[in-house]
Amino acid sequence: MRTPFIAGNWKMNKTVSEAVVLVDELKAALSGVPASSVDIAVCPAFVALTSVKPALAGSSIKLGAQNAYYEPKGAYTGEVSIGMLTGIVDYIIIGHSERRQIFGETDALVNKKVLAVIAAGLLPIMCIGETLAENEAGQTEAVLERQTRDGLVNVSPADIAKVTIAYEPIWAIGTGRAATSDDAQNRCAFVRAQVRLKYGDLADQVRIQYGGSVTPANAKELLAKPDIDGALVGGASLKAGDFSAIVKAVAAQ
Ligand code: PGA
């Protein structure tokens with residue numbers, strides 16, 4: 001009932017011209033994938049968005065941003081508003097762990113951004129996930145419960161299905177050490193249960209991605225799990241062959 005969703009988070013990689021080359025490679029690699037079988041998005045850096053947008057024309061690949069600020073405009077040096085992204089992107093990643101850890105984003109800020117993305121008619125990908133220390137201290141569920149609850153404050157039942165939640169254990173990001181498929185499934189099921197507490201059966205419409213060292217080698221097993229509705233892919237999304245192999249792993253299921 002949920003269409004799988006594979007998103008590539010390019011992070012601070014690729015110049016504008018490199019981004020366009022990667023999109024051309026992706027279009028070719030993904031041309032045989034039926035659009036109805038999987039939703040696909042790429043999230044380049046801000047500067048590349050307006051060049052990547054026309055390069056994606058004629059494909060089913062959607063465009064996303066990696067961040068945005070919730071205020072509509074004003075004296076916020078260095079920030080990009082959601083309104084500036086409207087008409088360019090469909091998705092905006094909110095609260096990635098790198099934003100939280102390096103740039104100090106809090107659950108309250110993440111929530112403001114999620115609400116503003118929805119209000120603009122765009123689709124947030126809200127990232128959550130525990131650190132290694134939290135994991136080892138047995139706090140994973142408490143962290144996921146808090147991040148899910150506080151990130152979704154004032155998101156109405158009518159809007160909840162617009163939210164994609166990306167469960168990304170921080171210790172798995174960029175480390176080559178993905179969660180096991182069973183652990184990832186259990187965490188994603190736990191997150192869905194948190195959504196269900198507030199939204200009831202609408203939780204069945206919310207897509208929950210796994211992220212953290214997803215590769216062509218582990219994608220099939222992860223994405224076969226019932227509560228894992230897709231993947232947020234970092235490193236492997238920078239290579240057309242790897243990203244398309246991950247997409248094809250889910251499209252074939
Ligand atoms: P990774 O990054 O695939 O390189 O681990 C995932 C992410 O940070 O979204």
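About 200 Å³ of space lies in the second largest pocket. The model is predicted: local features need pLDDT of at least 70, side-chain atom pairs count only at pLDDT 80 or more, and totals for chains, interfaces and linings use all residues. Residues are numbered from 1 along each chain as its sequence is written, and side-chain values use heavy atoms, with hydrogens and water left out.

**Exercise 1.** State which residues lie nearest the centre of the second largest pocket, and divide its lining by class.

*Solution.* Start with the terms. On a 1 Å grid over the protein atoms alone, a pocket is an open set of points where a 1.4 Å probe fits, with protein on both sides within 12 Å along at least five of seven lines; lining residues have an atom within 4 Å of a point. A volume is the space filled by probe spheres set on the points, which are joined across faces, edges and corners. The second largest pocket is lined by 18 residues, and Lys 11, Gly 174, Ser 213, Gly 234 and Gly 235 lie nearest its centre. By class, 7 are nonpolar, 9 polar and 2 charged. Here Ala, Val, Leu, Ile, Met, Phe, Trp, Tyr, Cys and Pro count as nonpolar, Asp, Glu, Lys and Arg as charged, and the others, Gly among them, as polar.

**Exercise 2.** Describe the backbone at Lys 11 and at Ser 213.

*Solution.* Most residues other than glycine have a negative phi. Lys 11, in the loop between strand E1 (5–9) and H1, has a positive phi of about 50°. Ser 213 has a positive phi near 60° and sits in the loop between strand E7 (207–211) and helix H9 (216–223). Helices (H or I, at least four residues) and strands (E, at least two) are DSSP runs, numbered from the N terminus.

**Exercise 3.** Describe how H1 and H2 pack.

*Solution.* Helix H1 (residues 16–29) and helix H2 (residues 46–55) pack at about 30°, with axes 9 Å apart. Axes are lines fitted to C-alpha atoms over the stretch in contact, and angles run from 0 to 180 degrees between N-to-C directions. H1 and H2 are therefore roughly parallel; the term covers angles under 35 degrees. Contact (heavy atoms within 4.5 Å) is made by residues including Val 16, Ala 19 and Val 20 of H1 and Val 47, Ala 48 and Ser 51 of H2. The contact residues divide into 8 nonpolar, 1 polar and 2 charged.

Terms used. Parallel < 35°, antiparallel > 145°, perpendicular 65-115°, else oblique.
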